[in-house]
There are 10 protein chains.
Amino acid sequence: MLFHVRMDVHLPPDLDPATRDDLIAREKAYSQQLQRNGKWPQLWRIAGEYANFSILDTADNEELHRLLSGLPLFPYLDITVTPLATHPSKIAEDD
Amino acid sequence: MLFHVRMDVHLPPDLDPATRDDLIAREKAYSQQLQRNGKWPQLWRIAGEYANFSILDTADNEELHRLLSGLPLFPYLDITVTPLATHPSKIAEDD
Amino acid sequence: MLFHVRMDVHLPPDLDPATRDDLIAREKAYSQQLQRNGKWPQLWRIAGEYANFSILDTADNEELHRLLSGLPLFPYLDITVTPLATHPSKIAEDD
Amino acid sequence: MLFHVRMDVHLPPDLDPATRDDLIAREKAYSQQLQRNGKWPQLWRIAGEYANFSILDTADNEELHRLLSGLPLFPYLDITVTPLATHPSKIAEDD
Amino acid sequence: MLFHVRMDVHLPPDLDPATRDDLIAREKAYSQQLQRNGKWPQLWRIAGEYANFSILDTADNEELHRLLSGLPLFPYLDITVTPLATHPSKIAEDD
Amino acid sequence: MLFHVRMDVHLPPDLDPATRDDLIAREKAYSQQLQRNGKWPQLWRIAGEYANFSILDTADNEELHRLLSGLPLFPYLDITVTPLATHPSKIAEDD
Amino acid sequence: MLFHVRMDVHLPPDLDPATRDDLIAREKAYSQQLQRNGKWPQLWRIAGEYANFSILDTADNEELHRLLSGLPLFPYLDITVTPLATHPSKIAEDD
Amino acid sequence: MLFHVRMDVHLPPDLDPATRDDLIAREKAYSQQLQRNGKWPQLWRIAGEYANFSILDTADNEELHRLLSGLPLFPYLDITVTPLATHPSKIAEDD
Amino acid sequence: MLFHVRMDVHLPPDLDPATRDDLIAREKAYSQQLQRNGKWPQLWRIAGEYANFSILDTADNEELHRLLSGLPLFPYLDITVTPLATHPSKIAEDD
Amino acid sequence: MLFHVRMDVHLPPDLDPATRDDLIAREKAYSQQLQRNGKWPQLWRIAGEYANFSILDTADNEELHRLLSGLPLFPYLDITVTPLATHPSKIAEDD
């Protein structure tokens, strides 16, 4: 089941650099694990902003919340979730 | 080059049904042609709303505007465009 | 799977009364059918407004969109959907 | 009498972990006591956010304010209250 | 039980004058009846706007909604309700 | 002359408790003095929020500003003032 | 007593030209009468918009509302009123 | 003197096509005359929207308002003006 | 050339009192110098807020920005500038 | 390919002056390098604000994001990007 997610990152400019690097490294590893197992099929940087648009593909709302609230950067994120449905004009993948 | 687009459709409830059906049929054909030639790779319905999130893949901003302003429903749409870039945590498609 | 939904009704004051009555009667029947089969477990009027808060319980996002977009009043509604998850402080129903 | 309440939690990321754990533990106990005595009949996590939608059932506005302002997390909450009324399409619980 | 209510009136400028006069006369009579029986203890015009701030005093949310949705101008109103509680600094009326 | 005032209090959660208690005690005394001399005839807590709706009755805008800017909590308040006029549907107090 | 007022004019583009001309002529006469008797000491066009910033000088809120609600264009205006007070850095007129 | 201007065009979808074509042709001629005489040095379409960003170069605010309010599409435009100044990091044109 | 300016002051409540007093004294002197030389012809306190509405009269946008960005309180201000033009209904000063 | 960019700078007033000066000097050098190589063809200060409007001219969205996220002030900026297209009324540069 697909969800559209916007994440805006608000790291304080004066955050300790080592803490910051650690947070970002853990966020990257976490995200890539979810990408590899198919839970996070799309991820784009919003040009000019410290923010992303993502598509998550989870079994249900519970799994969606568990994955998002487990993000290492979660305390620094503004997150907006929008549930998606099939668009009636969408062609089949192999159309 | 990828762009994130949100389209909200505002068709007046009292629009003549034949006009409405014709507009929607032409919108669908237009959209599917762009999906088939790779210009509109992603299209989702926003659950509960007459609106969609789309990803368009165009050569540049000019082509993007030409495609969007050519939508049969364009006079009834609120459109928001966000340019996308590669996210540093994105894994390769075949990773 | 639970979704929180807010619906604001915008019927034009000069709508033909028979059309209006018919719309509202069909909306009521549609809503009550969904309440009876468990898809619409909660429904409240927002005091002082022509609007409601609802909880819908659907198999997935697809069913949610199908049910909402099938509302007889759909062309006159502003709808906002929020996916819900279990709260960690929630006690069991029979606690 | 029912009230719809949205609570958004804004705990500073650098809050002392022991203080944080204590606050959250007291919030949970407080909430569960109100759930057990029927004052807080519904509580959902908003997927992807540190926020909840709640239904409170109090004797009047006074009791509602006393319960909400007594939340251990109150100084860190943005709270929005909406009074609810019976919806004319609502079926009886045992319908 | 007290509620703070803001009402903004949006009568179309081209409304038939007789209809308009009738609506406003019925609104006035309705409001004054509620003022006389103590349900609508405070009513002020917002200077420079076709809008008012009101205090309603009803037994509960149900009565509040019944009174507000029965306003002759209801289809033309934007209404915002805020439940009120006793302020801890408020002196007694006869203090 | 009547003014409608909304005050939202933003005290930092980590404010020194003695400073906080002193501020609140002085605010209460200040408010009650104005209530006693008729300048602050109405004061309600907004249910669920650290905020109030007030009616102030001052000779003019100058006095209004002097009273509000003298509030001990003034540096921590967001204040919105709305001038009020007599509503044409208002009945006389002794009607 | 001074009030800052912003007025945004929303005349429908398809308004009958004679009606429009009459409204604007009456608005101008009304405004100039108030300027001449000192009630409307300042009036500026907001560059690029069909809107103005004004300063009104009235005995009280009642007179302010009476003057504004009597504007021939009142049904087509969005009006925002802000009460003004003397600024502590203001020099005397003849300073 | 430079001004940044955003113009959003709101032509009703059911406007008579001849009226629409005439309006747009006159708007184009008007704009191009101002471009040729140096008053409107920059003009861009906002991709995906019926809107533009413009830079106008006028002697003063008066001329700016005269030019904008003379636009044939003016009754259908939402216009926002922002005055511009030299940026301290701007290099000279021939740097 | 006239500009309408709104300034909202956001001094941190815990600012060192001497620093605060110095800032405010320098702001006052700066403002009064501009009032005396005719650059800042109008200045009003917004009742109930730490904010002002001002009219500035400068040769051009450059001078406007130089004067505003030179305000001692500039780092603590939210400033909104609106260029003004002559209103067609304005009577002559000596009318 | 042209992009319209608005940047709002939020430097904390209590930032260490040497750090501040260094940041601003590096920002200026960075900006001027991009202006010289044609990537940042337009740059204006927004009068009265610590903000700018810019036009960037990059090969694609990727380059746009790389340039913006490399700004020395990036952690202190709110950035909004709008892709631009040719306006149909734009005259040729040498028209």
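Strand 4 (residues 77–86) of chain A is largely enclosed by the rest of the structure, because 7 of its 10 residues are buried; buried stands for under 20% relative accessible area, with a 1.4 Å probe and protein chains only. Strands here are DSSP runs of E with at least two residues, and helices are runs of H or I with at least four, numbered from the N terminus. Welcome to a predicted model, in which local features need pLDDT of at least 70, side-chain atom pairs count only at pLDDT 80 or more, and totals for chains, interfaces and linings use all residues. Residues are numbered from 1 along each chain as its sequence is written, and chains are lettered from A in the order in which they are written.

**Strand pairing** (at least two DSSP bridges between two strands)
- Strand 1 (residues 2–9) of chain A pairs with strand 4 of chain A in the antiparallel sense, over 7 bridges.
- Phe3(A) has Pro83(A) in strand 4 as its bridge partner.
- Strand 4 of chain A also runs antiparallel to strand 2 (residues 42–46) of chain B, joined by 3 bridges.
- Here Ala85(A) has Arg45(B) as its bridge partner.

**Chains A and B**
- Chain B superposes on chain A by a rotation of 180° with 0.0 Å of shift along the axis (RMSD 0.0 Å), fitted by least squares on C-alpha atoms of residues with pLDDT of at least 70 in both.
- That is the relation of a two-fold axis.

**Leu67 in chain G**
- Leu67(G) lies in helix 2 (residues 61–69) of chain G.
- Its relative accessibility is 11%, so Leu67(G) counts as buried.

Methods. Heavy atoms only, no water. Buried < 20%, exposed > 50% of the residue type's maximum accessible area, 1.4 Å probe, protein only.
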